[in-house]
Amino acid sequence: IYAVTHLGLMHYYGYGCQQDRNSAFKLFKKGAENGCPLVAAWISECYRLGHGVEKDKERAQKIYNMIDSDLHKMCESGDVEALYFVGFNLVMGIGVEENEEEGVKLLTQAYEKGEIRAVVQLAECYYNGWGVAENPKKTVELLMKHPMPSNKKAQYLLALCNYYGEGVEKNLNRAFLHFKAAANLNHGRAKDYLADCYYNGHGTEKNFEEAARYFK
């Protein structure tokens, strides 16, 4: 019953195929017919974000409430996908009451079992002190160990660490490159920082035209 779930996730993220959220949602619905709680969780996520279906947060919450206990049972049995999904939601307070410590615990288990997607969320938790002691050095270590050039949050976090000299020696040139990578992946805050870099000449030559473009 997990096969269709994983096929759906491949379409959802574009792993080994063209990213297609519509196809992902159709596969998730097919998987739900087989009774997999995890695929129901992803259907809830699709409704919450409007991915492949019209956004409906009320319906998303209703679905999540129905499978919340089953997801936790899957976490107890060590299911990697469930550990990541529930851990992420607990940290961010999505569909459930926020519990950063428990979320970090589950994300760490997922990471130790090889779930690379957990890296970025754990890195953000260490940077902000969500559920763990604030530790930007750990943020940098995680992101450098698992490079993710196409992940906008990973690039943004590395940019912040280099920009402020948190967890790594301050390096405005590197910060600029990471901000630019994140901005080009459509990270809103990274665009703001990148505009600042162009405006002030931080890590690059001053360029007011580029600054204005990214501020806009």
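I began with asparagine 34, which counts as partly exposed because its relative accessibility is 43%. I placed asparagine 34 in the loop between helix 2 and helix 3. I also checked its distance to tyrosine 2: the two C-alpha atoms are 8.9 Å apart, although 32 residues separate them along the chain. I note here that this is a predicted model.

Helix 1

I looked up which residues of helix 1 (residues 3-13) are buried and found Val4, Thr5, Gly8, Leu9 and Tyr12. They sit on the same side of helix 1, because they cover an arc of only 140° around the axis. I then asked which helices the buried residues of helix 1 pack against. I found helix 2 (21-32), helix 3 and helix 5 (80-92). After helix 1 comes glycine 14, and I noted that its phi is positive, near 80°.

Helix 3

Is glutamate 45 buried or exposed? It counts as buried, because its relative accessibility is 10% and the cut-off for buried is under 20%. Leaving out neighbours within four places in sequence, I found glutamate 45 in contact with Tyr12, Phe85 and Ile94. Tyr12 is one of the buried residues of helix 1.

Serine 44 also lies in helix 3. I recorded serine 44 as buried, since its relative accessible area is 5%. With residues up to four places away in sequence not counted, serine 44 touches Ala60, Ile63 and Tyr64.

Aromatic rings

I counted how many aromatic pairs the structure holds, and there are 20. One of them joins tyrosine 12 and phenylalanine 28; I logged this pair as tilted, with 6.3 Å centre to centre and 45° between the planes. The pair links distant parts of the chain, as tyrosine 12 is in helix 1 and phenylalanine 28 is in helix 2, 16 residues apart. I checked burial for tyrosine 12 and phenylalanine 28, and both are buried.

I next took the pair of tyrosine 164 and tyrosine 193, which is edge-to-face at 6.3 Å centre to centre and 85° between the planes. Tyrosine 164 lies in helix 9 (residues 152-164) and tyrosine 193 in helix 11 (residues 188-200), so this pair ties together parts that are 29 residues apart in sequence. I found tyrosine 164 partly exposed, because its relative accessible area is 42%. Tyrosine 193 is buried, because its relative accessible area is 18%.

I also traced a cluster linked by ring pairs, made up of Tyr12, Tyr13, Tyr15, Phe28, Trp42, Tyr64 and Phe85. Of these, I had already listed Tyr12 and Phe85 as contacts of glutamate 45, and Tyr64 as a contact of serine 44.

Charges over rings

I looked for charged ends sitting over rings. Arginine 21 has its charged end over the ring of tyrosine 12, 4.1 Å from the ring centre. Lysine 138 has its charged end over the ring of tyrosine 126, 6.0 Å from the ring centre.

Nonpolar core

Last, I looked up the largest nonpolar core and found 69 residues in it. Which residues have the most contacts inside it? They are Phe28, Leu71, Leu143 and Phe179. I followed up leucine 143: not counting residues up to four places away in sequence, it touches Val119, Val120, Ala123, Ala154, Leu157 and Leu158.

Technical notes. Residues are numbered from 1 along each chain as its sequence is written. This is a predicted model: local features need pLDDT of at least 70, side-chain atom pairs count only at pLDDT 80 or more; totals for chains, interfaces and linings use all residues. Side-chain values use heavy atoms; hydrogens and water are left out. Buried means under 20% relative accessible area, exposed over 50%, partly exposed in between (1.4 Å probe, protein chains only). Contact means heavy atoms within 4.5 Å. A nonpolar core is a set of buried Ala, Val, Leu, Ile, Met, Phe, Trp, Tyr and Cys residues joined through side-chain atoms within 4.5 Å. Helices (H or I, at least four residues) and strands (E, at least two) are DSSP runs, numbered from the N terminus. The arc is that of the directions from the helix axis to the C-beta atoms. Rings of Phe, Tyr and Trp (its six-membered ring) pair if their centres lie within 6.5 Å; planes under 30 degrees apart count as stacked, over 60 as edge-to-face and the rest as tilted. A charge sits over a ring if NZ of Lys or CZ of Arg is within 6 Å of the ring centre and within 35 degrees of the ring normal.
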